[in-house]
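Take a look at the structure below. The report that follows covers helix packing and nonpolar cores.

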Amino acid sequence: MKRGYVILDHPADMGIEAYGKNLKEAFEEAAIALNSIILDLTTVEPIQHRKIEIKASDYEHLLVKWLSEILYLYDGDNFVCCEFDIEDLNPNFLKAEVKGEIFNNQKHQTKLDVKAVTYHQILVCENSERGLVRVFLDI
Amino acid sequence: MIQKIDDYRFLIPKSYKTGMRIDGLIYADEEMIKHIEKDQTKEQVANVATLPGMIGRSLAMPDAHQGYGFCIGGVAAADIEEGVVSAGGVGFDINCGVRLLSSPFMENEVRPKLEQLLNQLFRDIPCGTGRSGLLEVTKAELDNVLIDGASWAVRNGYGNEEDLKHIEEYGKIPGADPSLVSSRAKERGHDQLGTLGSGNHFLEIQVVSEVYDEETAKNFGMRKNQIVVLIHSGSRGLGHQVCTDYLDIMQEGMKKYGIKVVDRQLACVPIKSKEGKDYLAAMAAAANFAFANRQMITHWTREAFQRIMGNGDLKIVYDVCHNIAKFEEHDIDPEIFGTDGGKKKVLVHRKGATRAFPKGHKALPEELQKFGQPVLIPGSMGTCSYVLVGTEQAMKETFGSSCHGAGRAMSRAQAKRETSAEKLLQQMKSQNILVRAQTKSGLTEEKPDAYKNVSEVVEVVHNAGIAKKVAKMTPIAVMKG
């Protein structure tokens, strides 16, 4: 099963459908998709790393918090990531290491500001062969 | 099924969906309602009607389109005692709003220097994706911004006391508590003060191209062929993070208070609960950030006019919030709503809607009491915008609210597929409109026909009587993120 993502149309904004051989990959792909919407990921190098740990009440909650964390790293902490490695994932917990570098407007080409991650039509599903997530962003 | 009440009102009766506590109503004409029915707007209006303590009707303005939880263009009022507040009902861009400035110049005076003027504005006002503004306030100073809003800006040399009278809530929503705004929100916002942002945010130099109501226009300081400036911006990353934080708090709060919602994005808590009060205090802080933001942009606009035109005496016609929840007193008409009547204190959620108070309303400053509140309706990029005035009819049936703009009709991706930036710039040039934009993609996503026709939206509002047309403006220069 290949991994990847597609960008979904929404009358107001934009959505992400990300998939992989399991949920771990799908969550990682969703983060790649989010940052690809924000900026040109090919301009980002994996120079530094950050550890992320998130607690949540279920997978949907976890997905919103995970992507909100990545968004905050960029918009609040000035850190843009290009590589995402989820080390541990269950419905209530996510542990990951992300790699990237400090944002530099001379080097990094921004594309779009993402305001936030929403629960609108959110979807997290998994079977033995495949993980799939869907989430909409407020632009 | 939707029931047509008259040419501009379509009712979604309580029987439409299980759990609806009140009716829904969409303002639209025959053509618009067909479009509105294509997406989830109708369902979202019905979903809002299921929330605890909602009174009157769950409303959608003619610019309504599918949003998250609430539709964009939605208005809903909650009883203060039994009702709920929903962070999603205000939206991520808290106090996204518009401000109109009237200039002492006529079109023929500005035209020869228009390019210089636009370039100056583009240099002086930070815009586009990313972060920084011209100044970075300390954390302690940011708290003062969050408490005092536009008056903080005035105190620090951005504008004058007179400006404050012409801002909704006088530029400061009371009850703001910076300690309830997370450090993350402050981190996202502290260097974004005085920035326009990207997306649908813009600054336009416009000409008053038509006046429908001379007397009211005069009261607003507007006349035909006059140059005005329209500013559309919000609370930037700070507001987005406040909403994100409280959506999370409200998810947990719903379990505590035993509230179930049909869509998680509608997460809400009782207005009187700790979580509800905390959200409203944080929301007020974010709203005040947006007021200060627009006040600073106003100051730089005046400086640019001073430098290029030799006179920076631009007056604020008005400044309105598009995304906000406000405590207001309303007289509930039992005949309209089919419920108990009488004066009631309510929390009005306006998500992509504008307050439209009539003449004589005590929330307005003395000089606007005689005519009513200016209602500012920006069109999409390169199309026209409108100034309307609030009415008694709006007080009766929409909790003193009206539409907020054109409303998207096409997704961003579709807009991009259909137009190139070059083609769009060419089109604007042929209309004699100058454009400066930070990114090309931002430009195509906001292309004019990605939105509904603002004139049709305004016509419905005018004919339904929930605001009346005063003047129309046509852009001659556009600055975008």
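Which elements of chain B do the buried residues of H4(B) pack against? This is a predicted model. In it, the buried residues of H4(B) pack against helix H3 (107-110), strand E8 (202-211), H11, strand E18 (434-437) and strand E19 (468-480) of chain B. Helix H4 itself spans residues 114-124 of chain B. Its buried residues are B:Leu114, B:Leu117, B:Leu118, B:Gln120, B:Leu121 and B:Phe122.

Now the cores. In soluble globular proteins, nonpolar side chains tend to be buried together. The table lists two such groups.

| Core | Residues in core | Members include |
|---|---|---|
| Largest nonpolar core | 137 residues | B:Leu203, B:Val242, B:Tyr279, B:Phe399, B:Met479 |
| Second, separate core | 48 residues | A:Met14, A:Leu34, A:Ala56, A:Val80 |

Beyond four places away in sequence, B:Leu203 touches residues including B:Leu121, B:Ile297 and B:Met479.

The axes of H2 (residues 59-75) of chain A and H10 (residues 236-257) of chain B come within 12 Å. They cross at roughly 160°, so H2(A) is roughly antiparallel to H10(B). The crossing is left-handed. H2(A) contributes A:His61, A:Lys65, A:Ser68, A:Tyr72 and A:Asp75 to the contact. H10(B) brings B:Gly237, B:Gln241, B:Thr244, B:Asp248 and B:Glu252. By class, this contact has 1 nonpolar, 5 polar and 4 charged residues.

Conventions:
Residues are numbered from 1 along each chain as its sequence is written. Chains are lettered from A and ligands numbered from 1 in the order in which they are written. This is a predicted model: local features need pLDDT of at least 70, side-chain atom pairs count only at pLDDT 80 or more; totals for chains, interfaces and linings use all residues. Side-chain values use heavy atoms; hydrogens and water are left out. Axes are lines fitted to C-alpha atoms, for helices over the stretch in contact, and angles run from 0 to 180 degrees between N-to-C directions. Helices (H or I, at least four residues) and strands (E, at least two) are DSSP runs, numbered from the N terminus. Angles under 35 degrees count as roughly parallel, over 145 as roughly antiparallel, 65 to 115 as roughly perpendicular and the rest as oblique. A crossing is left-handed if the near helix is turned anticlockwise from the far one by less than a right angle, and right-handed if clockwise. Contact means heavy atoms within 4.5 Å. Ala, Val, Leu, Ile, Met, Phe, Trp, Tyr, Cys and Pro count as nonpolar, Asp, Glu, Lys and Arg as charged, and the others, Gly among them, as polar. A nonpolar core is a set of buried Ala, Val, Leu, Ile, Met, Phe, Trp, Tyr and Cys residues joined through side-chain atoms within 4.5 Å. Buried means under 20% relative accessible area, exposed over 50%, partly exposed in between (1.4 Å probe, protein chains only).
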